[in-house]
Amino acid sequence: MHNGIIENFKALRGELTEAGARLESETDTEVVAALIERNLSAGMPAEKAVRKALARLEGAFALAIMICGEADTLYASRRGSPLVLGFGDGQVSLGSDTLALCGLATEVCHLEEGDFAILKAARAEIFDENGKPAKRPLKPMTATAGQLDKGNYAHFMQKEILEQPTALADTLGKYINPLEAKVELPELPFDFKEITKVNLIACGTSAYAARVGKYWFESYARLPVEAEIASEFRYRDVVIGEGELNLFISQSGETLDTLVALRHCREKNLRTAAIVNVAGSTMTREADVTFLTYAGVEIGVASTKSFTCQLMVLAALAIGAGRARGVLTKAGEAVLVQALEEIPAKLAEVLYHDQAIRALSAAVSKARNVLYLGRGCLYPVALEGALKFKEISYIHAEGYPAGEMKHGPIALVEEDIPVVILAPSQGVHLKTFSNMEEAKSRGAKIILISDAEGVREHGPGTMATIIMPSVPDIALPLLYAVPVQLLAYHTAVRKGNDVDQPRNLAKSVTVE
Ligand code: F6R
C-alpha cells in the first residue's frame with residue numbers, strides 16, 4: 001500500500017527493466033515492489049530486502065509492505081506522508097490518519113520522518129531514519145466511532161456546515177476570557193511586540209483564511225502581512241527577516257506543500273507557528289507553537305467548519321497581537337471580543353437560509369460559469385466561495401475583488417451568468433454595489449448576499465437575495481462564508497455529485 005509519489009520512479013523503472021524485471025503497470029508503486037523482489041531473489045532476508053529498497057526511493061511516501069509467505073508481518077515506513085500505528089485489543093494496526101484507526105485502536109503513535117517499523121502480532125518495533133531503535137510517544141485515541149457517523153444528515157459536508165455554531169463557540173472559548181472580554185492566548189515562544197511582519201502560509205481554503213487574516217493583522221495589530229500559497233512560498237527566493245513570524249494554517253496538519261514550507265523555515269531557524277485542526281498531526285509536532293482549532297473531525301473533502309474556525313483563531317491572534325503591541329486599547333479589545341462572541345448565534349441565524357439556497361441552486365446548477373465578487377475582507381470569501389463551488393459542483397467559478405472586474409473579467413459577463421455579490425451596506429463594501437450594477441446591466445443574474453438595508457436598497461432587479469445579520473466588520477467573513485458553502489453544497493447535491501468525496505480530490509494532500 002502506498003500513499004505519496006516516488007519521484008525517481010522513472011529512473012528506477014529503467015534500471016529494473018534493463019535488468020530483466022517485468023513490470024505490469026505504469027505506477028510508481030509497482031517499482032517499490034519490484035525493487036524488494038529483486039533483493040529477495042538475490043537471497044536477502046525480507047527485512048533487509050525492504051530496507052535496501054526503501055533506501056533507493058526519493059519523494060514523499062508512506063508505505064505498508066507485506067511479503068508473500070510472511071503474512072504475520074507488515075513493514076512500514078514514512079517520508080513526507082503521515083503514518084500512524086494503532087494499538088488495541090491484542091492487535092496493532094497501521095493507517096495514514098488517526099481517524100482510520102477508529103474502532104481498532106485505543107492508543108496511537110505517529111511515526112516520524114524517515115521512521116521504519118516492523119509490525120508483528122500485537123507488537124511494533126520502530127527504527128529512526130538512521131536505523132536505530134526508536135520510541136515514539138503513545139497517545140490515547142481521542143476520536144470515537146460516533147464522530148465518523150453522519151447521523152441523519154445526507155452528507156458529512158451538510159453536517160459540518162450545520163455544526164459551525166458549536167464548532168466556533170468551542171474554538172472561541174479556548175482563546176478568550178469572556179468575563180473580562182479579552183483574548184487569552186497560550187504561552188507564546190515570542191513577543192508580538194518584537195514581531196516585525198507576519199507571513200501567513202497555507203494552501204487552498206486555508207490560504208483563503210490566511211488572506212482574511214491579513215486584513216485583521218494589518219487593521220488590529222498594524223503589522224505588515226504577506227498571505228502566501230505554501231507551494232509558491234517554499235520555492236521562491238523569499239526574503240524573511242529574523243523578526244518575522246511564519247504562521248502556517250492547515251486543517252489536517254499534514255498537507256505536504258505547507259509542511260515543506262514549514263520545514264524550510266525551521267531549517268533557517270526562523271520563527272514558526274501553526275493553526276491546525278488535527279491535534280497530534282505532523283505540523284503540531286514541528287511548529288514552535290500550535291494554535292488548535294476546535295472544529296471537531298472534518299470528513300467532507302470540502303473544508304467548511306475548519307475554515308470558519310481558522311478565521312476565529314486568526315481574529316483572536318490579531319486582537320491579541322494588537323493588544324500586545326499597544327495598538328488596541330482594553331476597551332477596543334473588548335468591543336472586538338464581544339463581536340466575536342456574537343458570531344455563533346448570528347451564524348445559526350444565517351443557517352435558516354438553507355432551504356431558500358437549496359431552491360436557488362436549481363437555477364445555478366444550470367450555469368456554465370459563476371462569478372463571486374467581494375471587496376476588502378470579503379474578497380477572500382469570494383475566492384473561497386468560488387473554490388467551494390467548483391470543487392464539488394464541477395461548474396467553473398471565479399472569485400474576484402469587485403473593483404477589479406472592470407479591468408478585464410467583466411468580459412466574462414454574458415446574459416444569464418450567475419454573479420454572487422457579497423456586500424453588506426457598510427464601509428468599503430458599499431462600492432461593491434456599483435460593480436454589481438455593472439454586471440446586472442450586462443444581463444448577469446445577481447445573487448445578492450447583504451444585510452437588510454443592502455437588500456432593501458439594491459435587491460430590486462436581482463435574481464435572489466439573502467438577508468444577513470448586520471454585524472461589525474470583524475464578523476463579516478465568518479458569516480458570509482456560510483451562504484456560499486450552502487450554495488456549493490446544494491448545487492452539487494442537485495447535480496448528483498459525490499459531495500463528500502469529489503472527483504480527483506483527497507482530504508489530506510500529502511504530495512507536492
Ligand atoms: C478545499 C479544501 C482544500 C484544503 C487544502 C489545504 O475545500 O479543503 O483546498 O483547504 O488542501 O488543506 P489543509 O487545510 O488540510 O492544509
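**Sulfurs, then surroundings**

Reply: Start at Cys203: its closest cysteine sulfur belongs to Cys265, and because 13 Å separates the two, they are too far apart for a bond. This is a predicted model, in which local features need pLDDT of at least 70 and side-chain atom pairs count only at pLDDT 80 or more, while totals for chains, interfaces and linings use all residues. Residues are numbered from 1 along each chain as its sequence is written, and side-chain values use heavy atoms, leaving out hydrogens and water.

A disulfide is a covalent bond between the sulfur atoms of two cysteines. Here the term stands for a pair of cysteine sulfur atoms within 2.5 Å, and the structure has zero of them. For Cys309, the closest cysteine sulfur is in Cys377, at 18 Å, so that pair is too far for a bond as well. Cys309 also counts as buried, because its relative accessibility is 0%; buried means under 20% relative accessible area, exposed over 50%, and partly exposed in between (1.4 Å probe, protein chains only).

Now turn to Arg78, which sits in strand β3 (residues 73-79). Strands (E, at least two residues) and helices (H or I, at least four) are DSSP runs, numbered from the N terminus. At 1% relative accessibility, Arg78 is buried too. Among the residues Arg78 touches, leaving out those up to four places away in sequence, are Phe61, Leu111, Glu113, Asp115 and Arg285; contact means heavy atoms within 4.5 Å. A polar atom of the Arg78 side chain also lies 3.3 Å from the backbone oxygen of Ser81.

Leu245 is 48 residues away along the chain, yet the two C-alpha atoms are separated by 6.3 Å.

Finally, look at helix α15 (residues 432-440), where Thr432, Phe433, Asn435, Met436 and Ala439 are buried. These residues lie on the same side of α15, because they cover an arc of only 155° around the axis, judged by the directions from the helix axis to the C-beta atoms. What covers them includes β19 (418-422), β20 (445-451) and α16 (452-458).

Terms used:
Polar contact = N/O pair within 3.5 Å; in protein donor to acceptor, adjacent residues only side chain to side chain.
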